[in-house]
Amino acid sequence: MEHYKRIVIKIGSSSLTNSRGLLDQSRMMALAGAIAELFRRGWQPVLVSSGAVAAGLGQLGWSRSNLTMPERQAAASVGQGLLMEKYNELFLARGIQVGQVLLTKEDLAGRRRYLNARNTLNVLLNRRVLPIVNENDTVAFAEIRFGDNDTLSALVAGLVEAELLIILTDIDGLYSGDPRKDPTARLIPVVRQVDESIVQAAGGSGTPVGTGGMRTKLAAARIAARSGLRTVVASGKDPAVILSLAAGEAVGTCFEPSPHSLRSRKQWIAFGSVARGTLTIDRGAVKALTEGNKSLLAVGVTGVRGNFPAGSVVVVEDDRGVELARGITNLSSDDLRLVIKNPGRGLEVINRDWLVCERSFSTCQS
């Protein structure tokens, strides 16, 4: 792994806070030291850091149990300042400037804002400023939340075209069972594809101060794999593990990139965008998309749900409601409803260059 130059490092709340939910000075110092060493070696790291809500709760003396969304957002407003203040202090002492980047799902859902976020991150990286990314919990609501920083870290890794995503958590990696309950559970060193057996091996919820568990890390690894990235899930107890991974050591669980990775534009369609409607297609169109790598023509569309303008991202499903693909439509919902009543023979609804097939259809080249 030593040839990688851009790395996204995600660290969870449990790796940054102590038993009382307060920021742990020693852990944060170790993390800053490891990242500073990456800079010294010529790398361009991005830090996706949880901990704002946990830090805010600890500072305010509030209990995490039965928190309402406004209370969570209020805690984040207190904790985010504490978190960045500490990071700024630690990294400035090591000669590194930091930049705060707060995102919601809505920020990546629109193509223009997605590109703006990418441009900002690229400028920071190219000028040797450390971007510190977090979900904007203060203003996010359910419909525009990532829900966990694991997913956010995978999207950011694709955004900056990193080659490696490191997710630091409270266990050593993915095990064949829950190591806290099953003494025979073994560490799985390499995962080449996140299939159903791998999902079943993952546990449920994470620690009391976190929002994710191993399943959210698998979801992140899937996104990263389709974006052509390798993901490593490892213990964050000692952040020096970052340097071990950078030196090519086998630590934790390594999730290999997919052999059929998506280009940047299609990464956004698949993972960053929000679908505005749904198209139902017939069996001929299903075959054309999933086996023939063809564009979607109006003659194959049998139904339209939702109201959307031309240029919107839509879901494409078969007559059983199974999602097959997502893409950017050339026509509005109103125009589509008119067209499918008397479809033009060659009228193109979604060009194949703006269409992303689901992973299950390996013959559909994305």
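In the chain, 71% of the contacts between residues at least 6 apart in sequence join residues at least 24 apart. The structure is a predicted model. The chain contains 12 helices and 15 strands, and of its 366 residues, 53% are buried.

Five strands form an open sheet with mixed pairing, in the order 11-9-12-13-15. From one strand to the next, the twist averages 25°. Within this sheet, strand 9 (residues 277-281) is paired with strand 12 (residues 313-317) in the parallel sense, over four bridges. Gly277 has Val314 of strand 12 as its bridge partner. Helix 12 (residues 333-341) lies across strand 9 and strand 11, and its direction is at about 150° to strand 11.

A helix-helix contact was also examined. Helix 2 (residues 52-60) and helix 3 (residues 69-92) have axes that come within 6 Å and cross at roughly 95°. Helix 2 is therefore roughly perpendicular to helix 3, since angles of 65 to 115 degrees count as such. On the side of helix 2, the contact is made by Ala52, Val53, Ala55, Gly56, Leu57, Gln59 and Leu60. Helix 3 contributes Arg72, Ala75, Ala76, Val78, Gly79, Gln80, Leu82 and Leu83. The residues of this contact comprise 10 nonpolar, four polar and one charged.

Methods:
Residues numbered from 1 in each chain as written. Predicted model: local features only at pLDDT ≥ 70, side-chain atom pairs only at ≥ 80, totals over all residues. Heavy atoms only, no water. Axes fitted to C-alpha atoms, helices over the stretch in contact; angles between N-to-C directions. Helix = DSSP H or I, 4+ residues; strand = E, 2+ residues; numbered from the N terminus. Parallel < 35°, antiparallel > 145°, perpendicular 65-115°, else oblique. Contact = heavy atoms within 4.5 Å. Nonpolar A, V, L, I, M, F, W, Y, C, P; charged D, E, K, R; others polar. Buried < 20%, exposed > 50% of the residue type's maximum accessible area, 1.4 Å probe, protein only. Pairing = 2+ DSSP bridges.
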